[in-house]
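Here's a walk through one protein model, written for someone who likes to know the cut-offs behind the words. Have the viewer open as you read.

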Amino acid sequence: MLIRNLCNIALASTVLALSGCKGGILDPKGQIGIDEKNLIIIATVLMLLVVVPVIVMTLYFAWKYRDTQTHEIYAPKWAHSNKIEAAVWAVPIVIVIILGVITWVSTQELDPYKPIEGKGKHLTVEVVSLNWKWLFIYPEQGIATVNELVFPANVPVEYKITSESTMNSFFIPQLGSQIYSMAGMETKLHLIANEPGTFKGFSANYSGAGFTGMKFNAIATPTQAGFDKWVSDVKANSSANNLTHANYVELAKASENNPVAYYGKVDDGLFHTIVMKYMQAHGDMNKKQHAMGEHGQMSKKHQAMDEHSMPSSHSQGEE
């Protein structure tokens, strides 16, 4: 009866725990997410092959050799068993080797920089994390959005990611990997949605006061035609709202719980400018240092010439 009650409690706890996984990494809707879920399950099962027997044997030995058990054999001089040593060492070594092989293979296959093969041409989206909102630029379509990401289902998407200032982490749990966005750098991520739907995206890295509102909807349209229609609607309804370099400066100012916004036109090279803005300042500094160095060398040269042309005190005394 006790064992049956424990089993019922364990089953109820498991169901309750898994009921909270809807919409998360254990409910994937994209191929990358599915592969990562399988990797988590395989690794967990392999590790449980060691953990579960150890727990069971610990409880069994505690019960078998309890203080009131008087009929068990007492062997105070027993110290070694080749069979036990072989089992204790061989099983973990084999499991670690298997995990190592799986980790190596999956690391290569699930590299976020690696394009998704066999799914056709990738859609490119340039992602900029701002305080505290997400900017999505579609360079091929010439539009941009804030806090709304739209793409066709069954079409691979290449994300080029950077940050305006603080470091964030771009993450759509149901589609797959997360990757950091960092100022002055461009990271990449390749994802695909295997079915249409709306998936939750957010920043997985704390970045200040408005962090909790830094969320967006990732919408996978059923067809390519549906995505094309969305692009046309954005251009038509937001034709007067252009994302220029000047407008971006205003957009980049900190704001919390920013509403969804659309831009019907984007200045060419805006994403590149955002990535390189700190590098440009570094280049200007190098130019100033170079100019100061040349000026210093010229000053030393003039000083040497003046000292060479100045009469010595001995000559003045002779005069």
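## Salt bridges

A salt bridge here is a side-chain nitrogen of Lys or Arg within 4 Å of a carboxyl oxygen of Asp or Glu. By that rule, Asp 27, Lys 29 and Glu 195 are tied together in a network of salt bridges, and a search of the whole structure turns up seven salt bridges. The background is simple: side chains of opposite charge can pair when their charged atoms come close.

Before going further, some ground rules. This is a predicted model, where local features need pLDDT of at least 70, side-chain atom pairs count only at pLDDT 80 or more, and totals for chains, interfaces and linings use all residues. Residues are numbered from 1 along each chain as its sequence is written, and side-chain values use heavy atoms, with hydrogens and water left out.

## The chain as a whole

The protein chain has seven helices and 13 strands; these are DSSP runs numbered from the N terminus, with helices being H or I of at least four residues and strands E of at least two. Of its 319 residues, 32% are buried. Buried means under 20% relative accessible area, exposed means over 50%, and partly exposed is in between (1.4 Å probe, protein chains only).

The protein chain exposes about 20,200 Å², with carbon and sulfur atoms supplying 63% of that. Accessible areas come from the Shrake-Rupley method with a 1.4 Å probe, and for residues only the protein chains shown count as cover. As for contacts (heavy atoms within 4.5 Å), take those in the protein chain between residues at least 6 apart in sequence: 69% of them join residues at least 24 apart.

Helix H4 covers residues 224-237, and its 14 residues should span 20 Å at 1.5 Å a residue; the end C-alpha atoms are 20 Å apart, which agrees. The expected span is 1.5 Å times one less than the number of residues. Which residues of H4 are buried? They are Phe 227, Trp 230, Val 231 and Val 234. They cover an arc of only 100° around the axis, so they sit on the same side of H4; the arc is that of the directions from the helix axis to the C-beta atoms. The general rule behind such spacing is that an α-helix has 3.6 residues a turn, so residues three or four places apart point the same way.

The cover over the buried residues of H4 includes strand S1 (123-130), strand S2 (133-138), strand S3 (143-146), strand S4 (148-152), strand S10 (215-221) and strand S12 (261-263). On the other side of H4, Ala 225, Lys 229, Ala 236 and Asn 237 are exposed. Lys 229, at 53% relative accessibility, meets Asp 233 in a salt bridge (3.1 Å, N to O). Both lie in H4, four residues apart, about one turn of the helix, and Asp 233 is partly exposed at 33%. Ser 232 also has its place in H4 and is partly exposed, with a relative accessible area of 44%. Ser 232 and Gln 141 are 91 residues apart in sequence, with 9.2 Å between their C-alpha atoms.

Lys 277 and Glu 164 meet through their side chains in a salt bridge (2.3 Å, N to O). That pair links distant parts of the chain, 113 residues apart: Lys 277 is in helix H6 (residues 270-309), while Glu 164 is in the loop between strand S5 (157-163) and strand S6 (168-171). Buried or exposed? Glu 164 is buried, at 12% relative accessible area, whereas Lys 277 is partly exposed at 26%.

Lys 253 and Glu 250 form another salt bridge (3.2 Å, N to O). Lys 253 is partly exposed at 47% relative accessibility, and Glu 250 is partly exposed at 48%.

Trp 78, Ile 84, Val 88, Trp 89, Ile 93, Ile 97, Val 101, Trp 104 and Val 105 make a nonpolar surface patch of about 1,000 Å². Patches are made of residues with over 30% relative accessible area and no salt bridge; like charges are joined within 9 Å, nonpolar side chains (Val, Leu, Ile, Met, Phe, Trp, Tyr) within 5 Å. Ile 97 lies in helix H3 (residues 82-109) and counts as exposed, at 52% relative accessibility.

Ile 102 is also in H3, but is partly exposed, with a relative accessible area of 26%. Not counting residues up to four places away in sequence, Ile 102 touches Leu 39, Ile 42 and Leu 46. Ile 102 and Ile 42 are 60 residues apart in sequence and 9.1 Å apart in space, C-alpha to C-alpha.
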